[in-house]
Amino acid sequence: MARIPKELVDHIIQTADIVEVVGDFVQLKRKGQNLWAPCPFHNEKSPSFSVNPAKSLYKCFGCGKAGGVVQFVMDVEGTSYVEALKYLARKYAIEIQEEEKTPQQQLEQNERDSQFIVSDFAKNHYHRLLLNSEEGMSIGYGYLKERGLNLSTIQTFELGYSLDAWDDLMKAAEAAGYDKKYLEKTGLTVIRTDDQGKDTGRRYDRFRGRVMFPIHNISGRVVGFGARTLKRDDKMAKYLNSPESEIYHKSDVLYGLFQARQAIRTQEVCYLVEGYLDVLSLYQGGIKNVVASSGTSLTEGQIRLIKRYSDNVTVLYDGDAAGIKASLRGTDLLLEGGLNVRVVLFPDGDDPDSYIRKVGDQRFTEYIETKSQDFISFKTTLVAREASNDPVKKAEAIRDVLHSIAKVPDAIKRQVFLQQTSATFGIDEQVLITEYNKLVKTASQKAPGGNSGSGNAGNYGQGAGSANTGFPPSANPRSTPAPRPMTDEEEAEMLMYGGHEATVEILGAGASFQPSSAKAEADEDTPDMLQVCEREVLRLLVLYAGREVEEEISVAAYLMGQLGENPLQKPLYAEMWEICRQELLAGRFPDARLLAQNEREDIRQLITDLATERYEISPNWRTKEIYVFNEVDLPKLACDNAVLRLNKVHVQRELDQCLEKLRHPLDDVEMFEILGDIKRLKELDNELAGLLGTVVGRTA
């Protein structure tokens with residue numbers, strides 16, 4: 001496989017804006033110097049995913065995913081380093097000169113990329129048949145035109161048509177040099193088996209005589225297909241979808257999201273419909289922020305996709321009662337996912353596709369704006385109307401609504417919904433709160449861990465049966481959060497810089513700290529202070545290599561002059577030190593932004609960890625005239641501090657080794673030698689402590 005020249009790699013990395021790239025996948029909000037969002041790699045309610053524009057790095061403080069712009073594309077797309085670079089090159093119109101590959105060489109890259117390639121070939125093949133073949137034009141294109149779709153929409157969504165033949169795609173793919181096993185892996189062809197389930201050696205196309213709807217992932221790559229038959233055959237499924245594969249997971253894909261993602265972010269709302277044609281008709285009608293669950297039950301993965309781009313979702317329900325009831329369950333998941341949910345109900349017998357074709361684009365837009373209502377109010381009104389004359393059904397309906405309210409993470413919203421439900425059903429609010437608390441308590445007892453709570457819901461009042469406040473316990477001003485222990489990383493940072501008060505200010509009033517000596521007795525996992533100090537030296541070298549500590553003396557030159565060629569013991573740190581040393585010898589300063597894009601994952605992870613911090617200094621410190629040490633403005637102070645601490649740890653380790661030797665039988669000569677070493681090391685330790693105190697004192 002042809003390699004991309006290093007100069008071109010550097011150009012791609014320096015051109016790519018990490019905020020733009022990450023912003024294609026998640027909704028970023030600025031907080032301090034960084035931008036934050038819910039992590040795209042794991043399910044969470046509060047944002048712990050941070051992007052640092054200045055350093056071109058991202059890090060999730062929840063799941064630990066971290067890296068630069070290339071690593072982000074690799075993580076979010078599940079692709080290779082080279083493919084991630086190609087993705088960025090395409091985004092920024094940077095041409096990559098590579099050797100021409102034969103179809104066979106492309107197949108050999110890896111299994112996953114080969115499936116993408118075959119899926120893209122199939123998409124182009126079906127699209128070409130729709131617009132250029134006699135059967136495609138008369139049947140497929142004719143159907144789409146009848147449904148009101150124009151050529152622009154057809155091309156935007158790359159719609160196609162599969163010929164009514166057993167092996168048309170298979171023959172075309174094999175003629176182009178594609179291996180049939182990838183057609184099978186993606187579900188484009190089906191293996192015929194005998195009665196015992198054995199392979200007969202015969203293959204045929206899965207999709208035949210159908211209009212084809214390519215399903216794209218959020219970066220625009222085709223991962224599967226939906227297909228609609230145009231035959232009037234009751235025994236044949238109207239819609240047929242690709243099966244699950246390595247590249248296609250139905251629960252993690254929303255039809256139309258690739259085309260809609262920018263509009264969703266801009267308009268701050270996502271319209272959720274059921275079918276392919278709903279998406280196409282609304283998109284063509286100017287409502288471009290629309291996606292579909294493609295007829296499957298809504299999943300947590302799909303909800304996370306929506307939340308990447310907006311916290312607001314409006315569900316467009318078909319007019320039939322059976323469809324509404326089936327959709328209500330999925331809408332509860334949207335609430336549980338922390339989304340603000342509104343709904344629009346169309347007249348009986350209509351769906352979004354039929355209604356927009358009936359009334360036109362402008363009236364349709366006006367309809368969804370005027371008929372939109374919050375989901376809880378909609379559900380409350382709906383079930384109340386159905387159970388109005390039946391006390392038993394009414395009680396069941398109330399419990400059903402309370403279950404939905406319990407899914408809402410926000411306590412204030414839950415309180416408002418309880419008040420609305422009370423008014424709609426004509427039932428005392430305190431009775432509702434009591435019943436709500438019973439439901440939450442029951443769910444809590446059934447959940448793993450017993451009394452761990454029920455999802456996001458919190459009890460109202462002081463418990464079931466005594467609902468007298470209407471607010472969750474967490475809102476009680478007398479309650480205080482339970483102290484949480486510091487992580488090893490946080491303790492190490494505090495040990496490095498000192499100051500319990502500073503740590504509490506940064507971590508919050510609930511933080512607790514146990515001195516390292518006490519913790520060492522109770523916790524064998526105390527951080528290795530040698531590695532902590534080595535890491536700090538390496539961090540300064542990587543982040544501030546070119547900054548001057550004195551006139552014409554850089555941080556990199558200063559640290560290497562102070563510590564020599566091989567000062568670090570941890571293998572990865574030592575390797576990183578050598579990489580930086582070689583850069584300096586070549587006349588270049590180590591660049592954290594470029595180092596973070598290294599092909600090696602362990603180096604990328606290390607650089608990202610060194611360059612990212614979860615906490616920022618509170619501006620309140622400065623308004624209170626509290627001095628805060630700023631290493632950016634005082635690089636020599638930071639370097640001296642780090643070097644002295646590293647040397648002091650080495651001395652203390654030697655002292656420990658000497659003291660350990662005294663535990664064993666020794667002759668007089670050995671004992672006097674060791675005692676002499678201990679005296680010398682203690683003097684050196686005191687000297688370093690004095691120097692370190694002087695350095696720290698200069699911050700006062």
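1. The charged end of R208 sits over the ring of W166, at 4.3 Å from the ring centre, where sitting over a ring requires NZ of Lys or CZ of Arg within 6 Å of the ring centre and within 35 degrees of the ring normal. K288 likewise lies over the face of Y283, 4.1 Å from the centre of that ring.

2. On the basis of these values: this is a predicted model, in which local features need pLDDT of at least 70 and side-chain atom pairs count only at pLDDT 80 or more, while totals for chains, interfaces and linings use all residues. Residues are numbered from 1 along each chain as its sequence is written, and side-chain values use heavy atoms, with hydrogens and water left out.

3. A search of the whole structure finds 24 aromatic pairs, a pair being two rings of Phe, Tyr or Trp (its six-membered ring) with centres within 6.5 Å, called stacked if the planes are under 30 degrees apart, edge-to-face if over 60 and tilted for the rest. In one of them, the ring centres of F121 and Y178 are 4.9 Å apart and the planes stand at 40°, so this pair is tilted. Because F121 belongs to helix α6 (residues 111–132) and Y178 to the loop between α9 (168–175) and α10 (180–185), the pair ties together parts that are 57 residues apart in sequence; helices here are DSSP runs of H or I with at least four residues, and strands are runs of E with at least two, numbered from the N terminus. Both F121 and Y178 are buried, meaning under 20% relative accessible area with a 1.4 Å probe and protein chains only, as against over 50% for exposed and in between for partly exposed.

4. Y255 and Y276 have ring centres 4.7 Å apart and planes at 80°, so they form an edge-to-face pair. Y255 lies in the loop between β11 (239–241) and α11 (257–267), whereas Y276 is in helix α12 (residues 276–284), so parts 21 residues apart in sequence are tied together. Y255 counts as buried at 2% relative accessibility, and Y276 counts as buried at 4%.

5. Ring pairs also link F25, F41, F49, Y58, F72 and Y87 into a cluster. One member, F49, is the bridge partner of A37 in β3, and three bridges join β2 to strand β3 (residues 49–52) in antiparallel fashion, pairing of strands requiring at least two DSSP bridges.

6. Strand β2 (residues 34–37) is covered on both faces, with N34 and W36 buried on one side and L35 and A37 buried on the other. W36 is the bridge partner of K29.
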